[in-house]
Amino acid sequence: MQTTAELLLLLVVLTDLAVLGTSRLRTCIRAVAAQGLLLGLLPLALASQVTVHVAGLAAGTVLVKAVVLPWFLLWAIREAAVRREVEPVVGFIASLLLGALALALAFAISGRLPASDVREPVLIPAALATVMMGLIVLTTRRKALTQVVGYLMLENGIYLFGLTQTESVPFLLEVGVLLDIFAGVFIMGIVVFHINREFDSLDSARLSELKD
Amino acid sequence: MWLLALCLLPVAAAAVTGAAPSPRVTRWRVGALVGTAAVHLALTAMLWRLPPQQALNGWLGDDALGTIVLTLTSVLFFATSVYTVGYLARATPRGGRVFVSGMLGFLAATTVVALSQHLAMLWVGLEATTFAVAPLIFHRHDRRSLEAVWKYLVLSSVGIALALLGIFFLASAQHGVPGDPLILGDLTAHARELQPAWLRAAFVFLLVGFGTKMGLAPMHTWKPDTYGEAPALVGALMAGALTSCAFLGVARITQVTTAAGLTAFVQPVLFAFGLLSLATAAAFVIGQGDLKRLLAYSSVEHMGLLVLGLGLCGVGTYGAVLHLVNNGLVKGWLFLVAGNVVLATGTSAAAGNRGLVRTLPVSGVLLVAGLFAVTGSPPFGLFLSEFTILRAAVDGGHLAIAVSTLVLLAIIFVGMAVLVMNMALGEPAPGVRPVRESAWLLAGPLALAGLVLLLGVYIPGPVQATLARAAVALGGRVP
Amino acid sequence: MNHAHVGSSLAALAVLLVIAPALSGVVVRTKSAFAGRRGAPVGQLYWDLFKLMRKGTVYSTTTTWIFRAAPVVVLVSLTAASLLLPLDGQASPVQFSGDLIAFAGLLALGRFALVLAGLDTGSSFEGMGASREVTVASFAEPVLFLGFLGLVLATRRLTLSAMLGPALTAAWAHQTASLALVALAFFVLLLAENSRVPVDDPATHLELTMIHEVIVLDHSGPDLAVILYASSLKLALFAALIVEVAVPRDGLGLGWSLAAFAGGLLVVAMAVGVVESVMARLRLNRVPQLIVGAGALALFGIILLLR
């Protein structure tokens, strides 16, 4: 039987696929929020005993990644009145296939990496897959807001990888990282808001005035 | 103790100027900016006299390379803050508290980066610079600056995210190795025990990540847009200080890989990024029509030279460290001059600027002198550092690299000279009269120009000693 | 293979054949419950079939023998396919190595006959439906194979009997996630292959939007009855496949096994009803997206098995 942590990780990958496969921004944001929640639960599932450090990390993650940021992004799409990602650079089917490829690649790569004593064998492949799928979303979607979602996925993947290193990265730094990500998405959201006001659209492809 | 003060001073200043009421720039707010910059500079100068310090369990420390970057940042920031006094009096929009707080936040973040001995802490600082600078780039609140800030945010956030992954890889490599995790000293001391596979992955990700912040080709695409649209003094801070901090990150991981004996793996990667950056700069400098964008590509070029020097090892490392200082100073100089041009004529495009030597006598001359300085002509400091890097290439038997670098540098010189000479010389548009230039706006670039000239002629003893220590720590040697 | 097995598997097959029309009724009842209506009785389709059997058949003059043969081919191929599944949870009446390919082939044959019949009428509506049916199928079939590949990898067996029989119980203990993903992929496949919401809406009668219903517009009388029955059998067949994957019945007595089987079919039908109630039909150009998504799930399951 599989462990809780493994189950959570599989669900994380499923939320990745959900973001890749859907055109509705709202669904994308919900999926990323669900991913944030799963990410918050993971430290609890991985830890042999729940310390203040682990509990704080879980609480902070859930607060930032599952509540505040999704709420903020949902606010942004309400303000901008966008619902769908139309005409992504790479179609949804192709990006799903790319996602599956990324998944296979993630497992293939992590099979070759020298395994330091990782408690959870799916952790590293799931992290790499999330990073890659975040990059796919970031590069193949046109709406600025979807790109922010992609960035968030990328960060989530890195966070997952960071869970292998909880002993070596102290709490203070985790807080710093979390705050940085929060600030990043927040500022991006504000810029998205300005883009919408200035161009009446969230299409980052419209941002093409500057070139050589 | 002093290190903490250095980090906390700008944080506190940023908080105070940000939280205080009255959104317009008031006299006291700019005063606080200059004051903070001056105190910061004084504290930094004091570090040179004190023995090496440590704080926060060794997370902060002033090793040679960190001190160099810190000093460079502090000098540049002071020059820029003086310039800000003149700039905010003339610029439209005049800028609110966000502008001043953003600058101070930037100073805080770069100080943390320069003093970090803990690599994750360095990451946090570098990421923070991104957000401190974003409102500064968006200063004009128009479409073009919006586009610039979006490109900058997305690219550097992704880059820095990959760097974080690299740091986690590094932590994986350190698994089971004695010493505190991710502390630079412990990493280099036990470098040979690190797991090579993870270390290689960490190097690649950190180079790509921090390289994005440096603006190495092909991750440089945000640079011309950002530097072109941001106020010139922000360009000065970014091209001079921010890129140097990012290079510090690259240098730190290279320090670890060199200590681990992975030079054979690291070297070709650094060469590739370096030469590609030089080639990209050469390709885009030719036919460039905007001074600030030209400077952006020049920055790409110099970033390429820096990693090239780092990759060449030996004397090249010393050349890279010296070049770091020279490039930072000359970028500050030129961007501030470009700012004067924009303030006087409203544009940095060559089309709108002719005969600057006559209309802006001091800035015009400084621009022409800057052209020679930035392209590495004697007697300026950059000649010395570029020459050292080339010498390392020849000494190391990398003749092909030496030759192609020389050719690319020549192309870049021609490309830059065409644009700058067009702007500086020639007949001013009819009816344009010489402008009396404000001392606030000239003090900064003049001082920086003096420093670049000084470094070309004579490097003071303590500076030379620190440069040498930095180069040796990076695995290089002194010529 | 001993005779007891043949007996039990034939009994299970009988359950499938008899219960098939009722599954559509269960779907309809579930939807009605969601909508707050009473809905048609569960056995409605039996009466419809009975009624149609007594009617005469009208053949368009443009049609050929292909049109007449289609209903029989469809029914026979689907029945043959159900012979390959170990419906009693132990073994199937017919089994040979690689029979999973035959299973997919028989499904394809039935679809092929139906599509040809549609084209045979020369009507543009039917041609459109045929084209859509084939489009959906061309995405669905690879997913079916991916699912089978997952099962093969999980059980290391190459016959449907062995894959879905006792070996599966052992596999569930170690490969829970992969098998759950495969079952989920099969469920999406069921929706797509049987033209259910969100791929197609069986309740609509607007030719422009239909897939399956539009192909059979020209069929009438007993022919239509056979096709309707075959369609319900196809739904039941996919439901059976899902039940086989999701509920290993190794070690149960024949009675319990059959009861679990029938119960599983009803649960799947109810799940279809729930999906039909809470989801809207997708635009046709987004249907492939859904099926590829199912493929990604199956692939994910396979990747987990391979690591």
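Mentor: In this predicted model, 17 residues of chain A are in contact with 12 residues of chain C; two residues are in contact if their C-beta atoms, placed from the backbone, lie within 7 Å. On the side of chain A that touches chain C, α1 (4-21) and α4 (92-112) of chain A each supply at least two residues. The largest share, 10 residues, comes from α4(A). Helices (H or I, at least four residues) and strands (E, at least two) are DSSP runs, numbered from the N terminus. By type, the residues on this side of chain A divide into 13 nonpolar, 4 polar and no charged. Here Ala, Val, Leu, Ile, Met, Phe, Trp, Tyr, Cys and Pro count as nonpolar, Asp, Glu, Lys and Arg as charged, and the others, Gly among them, as polar.

Let us turn to the partner. Chain C contains 12 helices and 0 strands. Its radius of gyration, taken over C-alpha atoms, is 19 Å, close to the 19 Å that the globule rule gives for 307 residues, so chain C is as compact as a globular protein of that length. The globule rule is 2.2 Å times the number of residues to the power 0.38. Along the principal axes, the C-alpha atoms of chain C fill a box of roughly 55 × 40 × 40 Å.

Residues are numbered from 1 along each chain as its sequence is written, and chains are lettered from A and ligands numbered from 1 in the order in which they are written. Local features need pLDDT of at least 70 and side-chain atom pairs count only at pLDDT 80 or more, whereas totals for chains, interfaces and linings use all residues.
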